[in-house]
Amino acid sequence: MIEMKVAGIALDAVTRSPIVLLKDGSERRALPIYIGQDQAKSIIGAIENQKQPRPLTHDLIANLFEVWGMCLEKIIIHSLQDNTFYAILSLKQGKKKKEIDCRPSDAIAIALRTNSPIWVMEEVIADASIPVDREADEEERQAFRDFVEKLSPEELIKQAKIENNDEQ
């Protein structure tokens, strides 16, 4: 799993649908997730730390967690099936732990209100993420190619002997 942060809300240029954009810690990969208008407003409100005169749904859920002594340990976006993302809320109450199915947009809105981490399974990132820093990706690939070019069978044998001696 890879921890990600909300980078912001964008609009699809063609459909004008809102997209929540998650980025990994290195900011090299971004995961765009299409969401509804209400969830977009709720996520923006949490990012901007806006306080409503009365609690909205995600505020209410966060308040319920607090009153009942529950801790949202993390949310996990765990799969992507037929262009639909799936997530869970990972809750703890005392020694009890529970996982609750949740739409990613709702899970993100609640996580932002409870300062809980957002985790995404690596398979989901592999399937749906977009590169953010292509230059850094290419530099990394080139550095690996250079490393492989300089390797010789003799160097590999020498390194294997060193590692075997270290283990004994």
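Predicted model: local features only at pLDDT ≥ 70, side-chain atom pairs only at ≥ 80, totals over all residues.
Q: Is aspartate 82 buried or exposed?
A: A residue counts as exposed when its relative accessible area is over 50%. Aspartate 82 has a relative accessible area of 77%, so the class that applies is exposed.

Q: Where is asparagine 49 found, and what is its phi near?
A: Most residues other than glycine have a negative phi. Asparagine 49 is found in the loop between helix 1 and helix 2. The residue is not a glycine, yet its phi is positive, near 55°.

Q: Is asparagine 49 buried or exposed?
A: The cut-off for an exposed residue is a relative accessible area over 50%. With a relative accessible area of 55%, asparagine 49 is therefore exposed.

Q: Which residue just after helix 3 takes a positive phi?
A: Helix 3 covers residues 104-114. Just after this helix, a phi of about 55° is taken by asparagine 115.

Q: In which strand is cysteine 71 found, and which residues does it touch?
A: Cysteine 71 is found in strand 4. In sequence, cysteine 71 and serine 90 are 19 residues apart, while their C-alpha atoms are 8.5 Å apart in space. Not counting residues up to four places away in sequence, cysteine 71 touches Ser90, Leu91 and Lys92.

Q: Which residues is isoleucine 47 in contact with, leaving aside its neighbours within four places in sequence?
A: Isoleucine 47 lies in helix 1 (residues 37-47). Isoleucine 47 and isoleucine 9 are 38 residues apart in sequence, and their C-alpha atoms are 9.8 Å apart in space. With neighbours within four places in sequence left aside, the contacts of isoleucine 47 are Val6, Gly8 and Leu112.

Q: What does isoleucine 47 count as at its relative accessibility?
A: The range between 20% and 50% relative accessible area defines one class of residue. The relative accessibility of isoleucine 47 is 44%, so this residue counts as partly exposed.

Q: At what angle do helix 1 and helix 3 pack?
A: The axes of helix 1 and helix 3 are 9 Å apart, and the angle of packing is about 15°. That makes helix 1 roughly parallel to helix 3, and their crossing is left-handed. The angle asked for is about 15°.

Q: Which residues of helix 1 and helix 3 make the contact, and how do they divide?
A: Helix 1 contributes Gln39, Ser42, Ile43, Ala46 and Ile47, and helix 3 contributes Ser105, Asp106, Ile108, Ala109, Leu112 and Arg113. The residues of this contact divide into 6 nonpolar, 3 polar and 2 charged.

Q: How are helix 2 and helix 3 set to each other?
A: Helix 2 (residues 57-67) and helix 3 pack with their axes 9 Å apart and at an angle of about 55°. The crossing of these two helices is right-handed. Helix 2 and helix 3 are therefore oblique.

Q: Which residues of helix 2 meet helix 3, and how does the contact divide?
A: On helix 2 the residues are His58, Asp59, Ile61, Ala62 and Phe65. They meet Asp106, Ala109, Ile110, Arg113 and Thr114 in helix 3. The residues of this contact divide into 5 nonpolar, 2 polar and 3 charged.

Q: Why is helix 3 largely enclosed by the rest of the structure?
A: The buried residues of helix 3 are Pro104, Ser105, Asp106, Ala107, Ile108, Ala109, Ile110 and Ala111. Helix 3 is largely enclosed because the buried residues number 8 of the 11.

Q: How many helices and strands does the protein have, and what share of its residues is buried?
A: From the N terminus on, the elements run β-β-β-α-α-β-β-β-α-β-α-β-α-α. The protein has 6 helices and 8 strands. Of its 168 residues, the share that counts as buried is 32%.

Technical notes. Residues numbered from 1 in each chain as written. Heavy atoms only, no water. Axes fitted to C-alpha atoms, helices over the stretch in contact; angles between N-to-C directions. Helix = DSSP H or I, 4+ residues; strand = E, 2+ residues; numbered from the N terminus. Parallel < 35°, antiparallel > 145°, perpendicular 65-115°, else oblique. Left-handed = near helix turned anticlockwise from the far one by under 90°. Contact = heavy atoms within 4.5 Å. Nonpolar A, V, L, I, M, F, W, Y, C, P; charged D, E, K, R; others polar. Buried < 20%, exposed > 50% of the residue type's maximum accessible area, 1.4 Å probe, protein only.
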